[in-house]
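Have the sequence and the 3D view at hand.

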Amino acid sequence: MSVREAALSAVIAAIYAVVTIVLGVLAYGPIQCRVSDALIPVSAILGWPAIVGVTLGCVVANAYYMLGPVDVIFGTIANFLASWAAYVLRKRLLIACLVPAFIVGGIVGGYLWLFFGLPWWFTLATVTAGSLISITGIGYGLCKALERALGSARLSPA
């Protein structure tokens with residue numbers, strides 16, 4: 001990873017962590033819409049620097065809230081897998097924004113019930129719905145704006 005890519009990863013990680021922490025009411029809990037997850041599909045445009053950035057940003061954000069090590073570990077794994085999926089699916093941008101929402105919703109929603117005493121299907125449904133809003137809805141718009149701004153200067157190979 002070049003210095004430029006490492007710096008980009010750091011900036012993305014910082015943005016992810018700060019947005020998550022500042023919007024904490026929306027970002028944590030059994031019903032959540034983590035707006036910072038809109039950065040996940042940016043991996044389709046920026047490649048590995050974005051994958052590393054959203055993964056590290058999730059570590060910081062989840063460690064800050066400290067629901068527990070399960071959240072820090074599995075939330076981070078969810079972000080890594082979701083952003084990697086966006087990168088792999090980058091040639092079909094809408095799919096690259098849709099699949100990660102189900103990955104995050106399935107993994108995070110699949111364990112949050114342990115902390116809140118709610119039925120597993122409830123947290124699965126609410127986290128997936130929030131992920132569809134942030135990752136697919138907001139993330140797709142963010143990716144389209146980045147594509148227009150960057151033009152052919154994309155970092156991820158097409």
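**A threonine and its surroundings**

Threonine 123 is in contact (heavy atoms within 4.5 Å) with Pro30, Gly109, Leu112, Trp113 and Leu118, leaving aside its neighbours within four places in sequence. This is a predicted model, in which local features need pLDDT of at least 70 and side-chain atom pairs count only at pLDDT 80 or more, while totals for chains, interfaces and linings use all residues. Residues are numbered from 1 along each chain as its sequence is written, and side-chain values use heavy atoms, with hydrogens and water left out.

You will find threonine 123 in helix α7, residues 120–150; helices are DSSP runs of H or I with at least four residues, numbered from the N terminus. Threonine 123 has 0% relative accessibility and therefore counts as buried (under 20% relative accessible area, with a 1.4 Å probe and protein chains only). A polar atom of its side chain lies 2.7 Å from the backbone oxygen of glycine 109.

Now turn to helix α4 (residues 48–65) and helix α5 (residues 69–88), which pack at an angle of about 160° with their axes 9 Å apart. The two helices are therefore roughly antiparallel (angles over 145 degrees). Residues making the contact include Trp48, Ile51 and Val54 of α4 and Phe80, Trp84 and Tyr87 of α5. By class, this contact has 10 nonpolar, six polar and one charged residues.

In the loop between α4 and α5 sits methionine 66. Methionine 66 is not a glycine, yet has a positive phi of about 50°.

Definitions and conventions: Axes fitted to C-alpha atoms, helices over the stretch in contact; angles between N-to-C directions. Parallel < 35°, antiparallel > 145°, perpendicular 65-115°, else oblique. Nonpolar A, V, L, I, M, F, W, Y, C, P; charged D, E, K, R; others polar. Buried < 20%, exposed > 50% of the residue type's maximum accessible area, 1.4 Å probe, protein only. Polar contact = N/O pair within 3.5 Å; in protein donor to acceptor, adjacent residues only side chain to side chain.
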